[in-house]
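Student: I have a sequence and a structure to look at, and I would like to learn how to read them. Could you take me through the features one by one?

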Amino acid sequence: VCSSDLAGRVTFTTVTGNIIEYGRNSNSGFLELSSAELQTVTASVLQLGTAAKANSIFASDITTLTTVNTLYIENATAATQNVGASVAVSNLVVESGGQISFDQAVNNIDQIAFSATGAGNVRYTGTGTITVTSLEGVTGVSSTNGDVEISSSDVVVDQIVNARSDQSVEITATNTVDLNAAVMSTSLSTGSAGEDRKSTRL
């Protein structure tokens, strides 16, 4: 599968079901896309799911997507990763109506931009240097009503990290944390007003 050029986008989503499972083919009744199948895609952006669909589950390894620049995940309820599964891609963007959990230490991603628009924690754990940036219209890493946790060997914050509704932020690194943008917990569930740094921890 390929887009017309590397400026293009390829999208996979369901028509009738609400769960998309990635990384394996287990005949579970969900829409399933194995790592090998995803490797056949050539595009600037590979979009998995839409805002109308309920869940995205990363059940097994997504090995390095060398012909995709950005993996963009969108869903209505939650984007989660099973224990032991890994994701390897240059850029990862997630917009979810609920929790976002890419919390396996084997993840290998260069840049992230996450936005949870409903209740739920937002977590990223991986290896190497992870940079919080702006991608596909998503700026930084933010929750609506949940904690934000980012952990890797090195963490670079180039865009805002915000745990709204007075939730907590925790950024940890084996080596260094480089802060070039605000890290905050704000009292409102939208925007960046009402800054309250008391629940922010580095």
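Tutor: Let us begin with the surface: the protein chain exposes about 8,300 Å², and carbon and sulfur atoms supply 47% of that area. Please keep in mind throughout that this is a predicted model.

Student: How many helices and strands does the protein chain have, and what share of its residues counts as buried?

Tutor: The chain contains 1 helix and 22 strands. Of its 202 residues, 49% count as buried. As for contacts in the chain with a separation of 6 or more, 39% of them are between residues 24 or more positions apart.

Student: Next I would like to understand charged pairs. How many salt bridges are there?

Tutor: The general idea is that side chains of opposite charge can pair when their charged atoms come close. In this structure the count comes to 2 salt bridges. One of them joins Arg9 to Glu136, with the closest N and O atoms 2.5 Å apart. Because Arg9 lies in strand E1 (residues 9-12) while Glu136 sits in the loop between strand E13 (134-135) and strand E14 (138-139), the pair ties together parts that are 127 residues apart in sequence.

Student: Are Arg9 and Glu136 buried, partly exposed or exposed?

Tutor: Arg9 has a relative accessibility of 38% and therefore counts as partly exposed, and Glu136, at 35%, counts as partly exposed as well.

Student: Which residue forms a salt bridge with Arg123?

Tutor: Arg123 forms a salt bridge with Glu149, and here the closest N and O atoms are 3.2 Å apart. This pair links distant parts of the chain, with Arg123 in strand E11 (residues 122-125) and Glu149 in strand E16 (residues 148-152), 26 residues apart. Arg123 is partly exposed, with a relative accessible area of 25%, and Glu149 is partly exposed at 29%.

Student: What is Leu71 in contact with, leaving aside its neighbours within four places in sequence?

Tutor: With those neighbours left aside, the contacts of Leu71 include Leu46, Leu48, Phe58, Leu65, Val87 and Leu92.

Student: How should I read the aromatic rings, and how many aromatic pairs are there?

Tutor: In general, a pair of aromatic rings is described by the distance of the centres and the angle of the planes. The structure holds 2 aromatic pairs. Phe102 and Phe114 form a tilted pair, 6.2 Å centre to centre, with 40° between the planes. This pair links distant parts of the chain, since Phe102 belongs to strand E9 (residues 100-102) and Phe114 to strand E10, 12 residues apart. Phe114 and Tyr124 form an edge-to-face pair, 6.5 Å centre to centre, with 65° between the planes. Because Phe114 lies in strand E10 and Tyr124 in strand E11, the pair ties together parts that are 10 residues apart in sequence.

Student: Which residues form one aromatic cluster, and is Phe102 buried or exposed?

Tutor: The cluster is formed by Phe102, Phe114 and Tyr124. Phe102 is buried, with a relative accessible area of 0%; Phe114 is buried too, at 1%, and so is Tyr124.

Student: Finally, what does a polar side chain do in such a setting? Where does Gln81 lie, and is Gln81 buried or exposed?

Tutor: Gln81 lies in strand E7 (residues 78-81). Buried means under 20% relative accessible area, and Gln81, at 7%, therefore counts as buried. The side chain of Gln81 reaches the backbone nitrogen of Asp103 at 3.1 Å, and a polar atom of that side chain lies 3.5 Å from the backbone nitrogen of Gln104. Leaving aside its neighbours within four places in sequence, Gln81 is also in contact with other residues, including Phe58, Val87, Phe102 and Asn107.

Terms used: Residues are numbered from 1 along each chain as its sequence is written. This is a predicted model: local features need pLDDT of at least 70, side-chain atom pairs count only at pLDDT 80 or more; totals for chains, interfaces and linings use all residues. Side-chain values use heavy atoms; hydrogens and water are left out. Helices (H or I, at least four residues) and strands (E, at least two) are DSSP runs, numbered from the N terminus. Buried means under 20% relative accessible area, exposed over 50%, partly exposed in between (1.4 Å probe, protein chains only). A polar contact is a pair of N or O atoms within 3.5 Å; within protein, one must be able to donate a hydrogen and the other to accept it, and residues adjacent in sequence count only if both atoms are side-chain atoms. Contact means heavy atoms within 4.5 Å. A salt bridge is a side-chain nitrogen of Lys or Arg within 4 Å of a carboxyl oxygen of Asp or Glu. Rings of Phe, Tyr and Trp (its six-membered ring) pair if their centres lie within 6.5 Å; planes under 30 degrees apart count as stacked, over 60 as edge-to-face and the rest as tilted. Accessible areas come from the Shrake-Rupley method with a 1.4 Å probe; for residues, only the protein chains shown count as cover.
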